[in-house]
Amino acid sequence: MSGYIGEITALLFLAFALGLDAFSVSLGLGMQRLRLKRIALIGMIIGVFHIMMPFIGIVSGKLISEQIGHLTTVVGGLLLIGIGAQMFFSAFSDQIKIIQPIGTGLFLLALSLSMDSFSVGLSLGISGVKTAFALILFGMLSAVLSWIGMLIGKKVHGYLGVYSELLGGSILIAFGMRLLFG
């Protein structure tokens, strides 16, 4: 019984740690004047990716080396820096944003946020943890933390006005740099 509780506790902490990435980035996203429907959709997509990527990691863990797991972190970091830089510099111009959290931009964002989940999936496959429970927990917690982050970001945008895009872009860039140089 205590082993089971210990496993659940460890999975909760791991899911929370993975979800904090989504929370941090979602703070920046929330400053883009997103509607509540868009916030709900973004959180759901991020949650789904936080289920898919560790699953792919678990399935492919036996086929690939740890080097590829490191490469996914680099790709995720570069994507976040690119999205953050575009958001940061768009605050200085009235041009249409290149990357927005809709369509392909949303999937790129969710993919970059869930790259670390892929690496976690590689190790989960070896540990023999209850896979379905872990994946659902990762997805749910990431979605909830994304929603919280975007709602806080939306509130902060009202106080910061145009500077909120600068702050939001800076958060994304900083998080991407942390992934790269971490």
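In which helix is Gly-77 found? Gly-77 is found in helix α3, which spans residues 66-90. Helices here are DSSP runs of H or I with at least four residues, strands are runs of E with at least two, and both are numbered from the N terminus. The model is predicted: local features need pLDDT of at least 70, side-chain atom pairs count only at pLDDT 80 or more, and totals for chains, interfaces and linings use all residues. Residues are numbered from 1 along each chain as its sequence is written, and side-chain values use heavy atoms, with hydrogens and water left out.

The protein contains 7 helices and 0 strands. Read from the N terminus, the order of elements is α-α-α-α-α-α-α. The protein has 182 residues, and 44% of them count as buried. Buried means under 20% relative accessible area, exposed means over 50%, and partly exposed lies in between (1.4 Å probe, protein chains only). The accessible surface amounts to about 9,600 Å². Carbon and sulfur atoms account for 73% of that surface. Areas come from the Shrake-Rupley method with a 1.4 Å probe; for residues, only the protein chains shown count as cover. A contact is defined by heavy atoms within 4.5 Å. Of the contacts between residues at least 6 apart in sequence, 93% join residues at least 24 apart.

The largest nonpolar core holds 20 residues. Such a core is a set of buried Ala, Val, Leu, Ile, Met, Phe, Trp, Tyr and Cys residues joined through side-chain atoms within 4.5 Å. The residues with the most contacts inside this core are Val-25, Leu-29, Leu-34, Ile-42, Ile-46, Leu-113 and Met-150. Two or more residues each come from α1 (2-30), α2 (36-60), α4 (103-113), α5 (115-127) and α7 (163-181). Helix α2 gives the largest share, 6 residues. Beyond its neighbours within four places in sequence, Met-150 is in contact with Ser-26, Leu-27, Leu-29, Gly-30, Leu-34, Ile-39, Ile-42 and Gly-43. A second, separate core has 7 residues, among them Ala-15, Leu-18, Val-120 and Phe-138.

Ser-146 lies in helix α6, residues 131-160. Its relative accessible area is 0%, so Ser-146 is buried. Leaving aside neighbours within four places in sequence, Ser-146 is in contact with Ala-22, Ser-26, Gly-43 and Ile-46. Ser-146 and Ile-42 are 104 residues apart in sequence, yet their C-alpha atoms are 7.9 Å apart in space. His-50 is placed in helix α2. His-50 counts as buried because its relative accessibility is 0%. With neighbours within four places in sequence left aside, the contacts of His-50 include Leu-18, Ala-22, Leu-113, Ser-114, Asp-116 and Ser-117. Leu-135, Phe-138, Gly-139 and Ser-142 are also in contact with His-50.

Gly-77 is likewise buried, with a relative accessible area of 0%. Gly-77 and Ser-112 are 35 residues apart in sequence and 7.0 Å apart in space, C-alpha to C-alpha. Ser-112 is one of the buried residues of α4, together with Gly-105, Leu-106, Leu-109, Ala-110 and Leu-113. These residues lie on the same side of α4, because they cover an arc of only 165° around the axis. The arc is taken from the directions from the helix axis to the C-beta atoms.

Other nonpolar residues reach the surface. Val-48, Met-52, Phe-55, Ile-56 and Val-59 form a nonpolar patch there, with about 420 Å² of accessible area together. Patches are made of residues with over 30% relative accessible area and no salt bridge; like charges are joined within 9 Å, and nonpolar side chains (Val, Leu, Ile, Met, Phe, Trp, Tyr) within 5 Å. A salt bridge is a side-chain nitrogen of Lys or Arg within 4 Å of a carboxyl oxygen of Asp or Glu. Ile-56 lies in helix α2. Ile-56 counts as partly exposed, at 40% relative accessibility. Ile-102 lies in the loop between α3 and α4. At 39% relative accessibility, Ile-102 is also partly exposed.
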